[in-house]
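Please walk me through this model, starting with the overall build of one chain and ending at a single residue.

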Amino acid sequence: MTVADDHQLPRPVDWSAPDAVRRRRSRHAADRRLQWIGIGAISIAIGLLAVLITTLSFSGYRAFVQTMITVDFTIPADIDPTDPRSSRRFRTVVADSLAAKFDEVERSELRSLSQLLTNNAPFLLRDHVAANPSLVGTTVTLAIPAADPVDQFNKGTIVRETPEDRRRISDRQIAWFDTLDAEGRIAAPFNWGLFFNADSRFPELAGLSGAIVGSFYALLVCFLISFPIGIAAAVYLEEFAPANRWTDLIEVNINNLAAVPSIVFGLLGLAVFLNFFGLPRSAPLVGGMVLALMTLPTMIIVTRAALKAVPPSIREAALGVGASKHQVMTHHVLPLAMPGILTGAIIGLAQALGETAPLLLIGMNAFITSPPGGLLDASTALPTQIFIWADSPERGFVARTSAGILVLLGFLIVMNGVAIFLRQRLERKW
Amino acid sequence: MAGLTFLLIVALTAIAYVVGRATGSRILARHGVAMHSLPGYHGAFVAAWVGIPALVLVLLWLLLQGTVVDNLIIGSIPDLPDDVGEVQLILSEIKNVAAGRIFSEPTAEIEAAAARYAAWSTIARWAMVVVVLALMLVALFIARSQLSHRYRARNNFELVLSGLMIACSVVAIATTIGIVASLVFEASRFFALVPITDFLFGLKWEPQIALREDQIAGAGAFGAVPVFAGTLLVAAIAMLVATPIGLLTAIYLGEFASDTVRAVVKPIMEILAGVPTVVYGFFAVLTVAPAMRQAGGLIGIGVSPNSALAAGAVMGIMIIPFISSLSDDALNAVPRAMRDGSLALGATPGETMIRVLLPAALPGIVGGILLGVSRAIGETMIVLMAAGLIARLTANPLDSVTTVTVQIVTLLIGDTEFDSPKTLAAFALGLVLFIVTLGLNVVALRVVRKYREQYD
């Protein structure tokens, strides 16, 4: 028996045998299948995002224009616009001025005719006259927002072909509308009211200014609290903290806080800030404080990452020429890490801007018709305003909600864009 | 007034810095390099001792002033009713009268109390300004008198700085303690009204009815099992949507995609992750739920307008980027040698992925999925807008169910009476939510870490 018999060499594989070819084919086919499934998954994800954005844009773009009706109002000479009781008379003025355009309007139809304009038309007119007292006794030409059904009709969401009893605008109103339209009194300019009006029960007057100001205050408070505290905590944990159980405890804590559901922070704000400390409900100050506690873990984590990215040689060089540890930190490491920290801070604030649930619990979903004047005034925020509108039954609020979402997404895109810009321009590669 | 006080603190702190630095400069001129610290550190030392105690004092004062004045007012009113709710009503009426918001003719007692309230509030505010000012001036003189050429101003200032940094890192612990304390405290008040076993194992959840007097003791009205079941159903649907799509996305991006595809898809995933949840909620209401109803109508199945399926599916979309990025991390953490070895033996990229990388990365992926589950359970806005309000014990995804987070919000919105079991039930639910998500996170992080250490 020879050694060669003991170690029989395997027969050379015939790679082109039909069996092998089939095996290889099926293996490659499996490979391609996996690839296609992956492409399918990605396409589904991207497709869903596309559907989301398109549906929101399609339902929201209409709210960026607002149907306005230009009417000549005849202001009686004996009216006092500063008197709060005059609004009843202004209501008559509005109805009569509209009726004067059509000769065949009966008294019983006056109400239906006035409903072409927003319900608040008398107040808009009164405020306009009060601002210009010289107009008393003259004829004022003013463009007034149309009521929601008229607005919907003009934008084509309510169509003529629908039977009269199934739409919110009557045949008579459509006829009046057509007459006004033929005279060129109907226009649909850009809806500045969406940005400069506060909330309203009437969709044609509802705007985001209160929500934008409220969100701004809340984010300001959030930034002022979470930015310095986050940096200080991160610097301590990254550069100064001794490695012991206490430090471990803090780190575990921060990681867990980052994953606590946001609504739990709302419960904390409600129980501690509102009930225990008695801070006012719905205030941007409390909202900002809750958001700050939520953002803090993110802030600490990004700051630590930015500090880690500064090479140790910088620290060693500074220590070598006699700087104290604190001087190394404040004079060298922090300034070098600042672009990274700022980028993270902006992204953290963008997250806070979209946060809704905790704000609901501390009452920032109230119906408030004027922007907050300070940190303690009741206010809404952008996401809670969107939630309020999404819950409103009026048809016009669907478009407003989508428009509000588009505005919110716009703010988020700007903030993230600034963050990306900062990252690309300022961040240094070592 | 608070704003004025803060301005005052900032101004005096700045002055303190200037004073301290000027003193330091004089010392420097006299002693030259024999001086221990630079003049700037003398200024910073004085400023820190003037500003920080004053700031702490003002914050404490502002937080406690309201409670103290309220208690003083309550104590000053003769023959008070026993009921806590009525006392609160009287107190809020007094405050309204003091603020000039008079709805009905107040009694003479209330008016007198309102006058006292206004006077005491003013006194308290001015007292704060005076006390803070005095504190800052005393601190300024004491701190300045310490300065000399031997004085270690820099070391002492750095000590203050270290103390501040430690205080800031303790905020995270304070937050956790605050969360646990408030949840446990309010939940224990709830469990004093409703037995904990009824809450955890009861099958009937009708908190709205319980507002009526005769229903408070009604057994079973606060049985949270249907709420938990609804939460699990929605979360399960979400994970069924998110896990395959997220995981396959990570697999494709990790093994097959070209750099261009990766450069396009990654930002898109980030956008999906950055969309606020309220937007997803409205998307569910506006598009997904009606579409599902129509689809159900076409094949003759009745779909509830706020079905668990719609809420869960949209929540799944929200979690896709989360799963995909965590799976991506896990796959990337597998050592390159394993992958190269598999490819060198002749395995196709797909076989390498399925037979080598995926099993090796499995613990990390499971950890990511657990984190996703915890997120799905804690998510509020999507279910609040798209899921139902009525608790129903069902496993049918086309039915309407409610979740823990939805119940928390609906129980607390608009209502701040803190002694009814209805509002307290929200905190009990919150406690359960907190414990469950915390448990999931701890387990997930442990799984991920343990597995990472194997390859490091």
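**From chain to residue**

In chain B, 72% of the contacts between residues at least 6 apart in sequence join residues at least 24 apart; two residues are in contact if their C-beta atoms, placed from the backbone, lie within 7 Å. The model is predicted: local features need pLDDT of at least 70, side-chain atom pairs count only at pLDDT 80 or more, and totals for chains, interfaces and linings use all residues. Residues are numbered from 1 along each chain as its sequence is written, while chains are lettered from A and ligands numbered from 1 in the order in which they are written.

Chain B has 15 helices and zero strands. These are DSSP runs, numbered from the N terminus: helices are H or I of at least four residues, strands E of at least two.

Two domains divide chain B: domain 1 (2-181) and domain 2 (225-455). The bounds come from an automatic or database domain assignment. The C-alpha centres of these two domains of chain B lie 45 Å apart.

The C-alpha trace of chain B spans about 80 × 75 × 40 Å along its principal axes. Its radius of gyration is 31 Å, whereas a compact globule of 456 residues would have one near 23 Å. The radius is taken over C-alpha atoms, and the globule rule is 2.2 Å times the number of residues to the power 0.38. Of the 456 residues in chain B, 43% are buried.

Now turn to chain A. Leu237(A) lies in helix α9 (residues 209-240). Leu237(A) counts as buried because it has 22 C-beta neighbours inside 10 Å. A residue is buried if 20 or more other C-beta atoms lie within 10 Å of its own, exposed if 12 or fewer, and partly exposed in between, with C-beta atoms placed from the backbone. Not counting residues up to four places away in sequence, Leu237(A) touches Thr247(A), Ile250(A), Glu251(A), Arg304(A) and Ser169(B).
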